[in-house]
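This briefing is intended to be read alongside the sequence and the model.

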Amino acid sequence: MKVENYQALKVLAMLLSGAMLSVASFVVTAADELVVYSARKEHLIKPLFDAYSEKTGVDIRYITDKAAPLLERLHAEGENSPADMLITVDAGNLWQAAEKGVLAPVKSDALEKNIPAYLRDADGHWFGLSVRARTIVYAPDRVKSGELTTYEGLADPKWQGRLCLRTSKKVYNQSLIAMMIAQHGEAKTEEIVRGWVANLATAPFSNDTRTMEAIAAGQCDVGIVNTYYYGRLMKKSPDTRLALFWPNQSDRGVHVNISGAGVTRYARHRDEAIKLIEWLSGSEAQGMFAGLNLEYPANPDVAPDAAVLAWGDFRQDRLNVSKAGELQADSVMLMDRAGYK
Ligand code: FE
């Protein structure tokens, strides 16, 4: 059931309850339900919620929206929020949610076992549930994979007029640059980003798909995208002349990020919310959770979808993704200084 129906339910509760029963306690009495705020789109979560409800009898209500308005809403609702759990994409956003105080720490042996430490908050405010690799994509007609090396290498003048990027306003790029700051420090990272900007074939694009379409159309030769967008494009247009490259394989590895979840600070069904996240991290749900969006399971014991597996194996950067949040503000300022729009 969608949360929009909640207001009607609340009114009904108030009419029924009188002085004895508050709205909150009315909600609390129904232990077999959960309320989720999700920045992950409905078609990516509903099949999992349906499977969980069928298995456990727990009714999951949810709303979906972009990360920022959901966070605002959780913050504004405070202890009156009906939300038990937040699902969002990008460690930068999860870190912000924890920073704003809308998430409560969770200690769970199952989550610590299922999710590697670099994909979750050290204090248990959030846990990665899928991994997205942000990697290099290129036109195999005009670029040999042997010419590619690292993200840093895209700053080389040999790529002048050949690079396409998505806007720096997107959190995915803010996180990518934040992780580079963690690796190299600000001065060197700024130098690299200035090199990228000098190599741009055209102004940054609004999304990853447009970036890839520009490469396929010959406007540029190389770019940086999340692999699930590549997967989607290749499913839709299998003849598109594009290929993926895994950079930094002899040093820190490919930049990865997560979609993930946390239990809200004022959750009325805290134990149930923890159980749902635990289930989502387990072998039964991980394949579907990652596969629906052509991502990688966060649980290393679960194999990716066959289409994703076909892109080949690669080394991931194992620095804790929380750095993407910690260094986000520095990253945004650095990209601004470097002229990355
Ligand atoms: Fe995305």
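F314 has a relative accessibility of 13% and therefore counts as buried (under 20% relative accessible area; exposed is over 50% and partly exposed in between, with a 1.4 Å probe and protein chains only). The model is predicted, so local features need pLDDT of at least 70 and side-chain atom pairs count only at pLDDT 80 or more, while totals for chains, interfaces and linings use all residues. Residues are numbered from 1 along each chain as its sequence is written, and side-chain values use heavy atoms, with hydrogens and water left out.

**Aromatic pairs**

- The structure contains six aromatic pairs, where rings of Phe, Tyr and Trp (its six-membered ring) pair if their centres lie within 6.5 Å, and planes under 30 degrees apart count as stacked, over 60 as edge-to-face and the rest as tilted.
- One of them joins Y230 and W311, with ring centres 5.7 Å apart and planes at 75 degrees, so the pair is edge-to-face.
- This pair links distant parts of the chain, 81 residues apart: Y230 is in helix α10 and W311 in the loop between α13 (306-309) and α14 (323-326) (helices, H or I of at least four residues, and strands, E of at least two, are DSSP runs numbered from the N terminus).
- Both Y230 and W311 are buried.
- The rings of Y296 and F314 are also edge-to-face, because their centres are 5.3 Å apart and their planes stand at 80 degrees.
- Y296 lies in strand β10 (residues 296-297) and F314 in the loop between α13 and α14, 18 residues apart.
- Y296, at 7% relative accessibility, counts as buried.
- Ring pairs connect W246, Y296 and F314 into a cluster.

**Iron site**

- Y172, Y228 and Y229 coordinate the iron ion through their OH atoms at 1.9 to 2.1 Å; donors are N, O and S atoms within 2.8 Å of the metal (3.2 Å for Na, K and Ca), and sites may look incomplete because water is not among the atoms.
- Y172 belongs to helix α7 (residues 171-184) and Y228 to helix α10 (residues 227-236), so the pair ties together parts 56 residues apart in sequence.
- Y172 and Y228 are both buried.
- The charged end of K170 sits over the ring of Y172, 4.5 Å from its centre (NZ of Lys or CZ of Arg within 6 Å of the ring centre and within 35 degrees of the ring normal).

**Disulfide**

- A search of the whole structure finds one disulfide (a pair of cysteine sulfur atoms within 2.5 Å).
- C164 and C220 form this link, with their sulfur atoms 1.9 Å apart.
- C164 is in strand β6 (residues 163-164) and C220 in the loop between α9 (208-216) and β7 (222-226).
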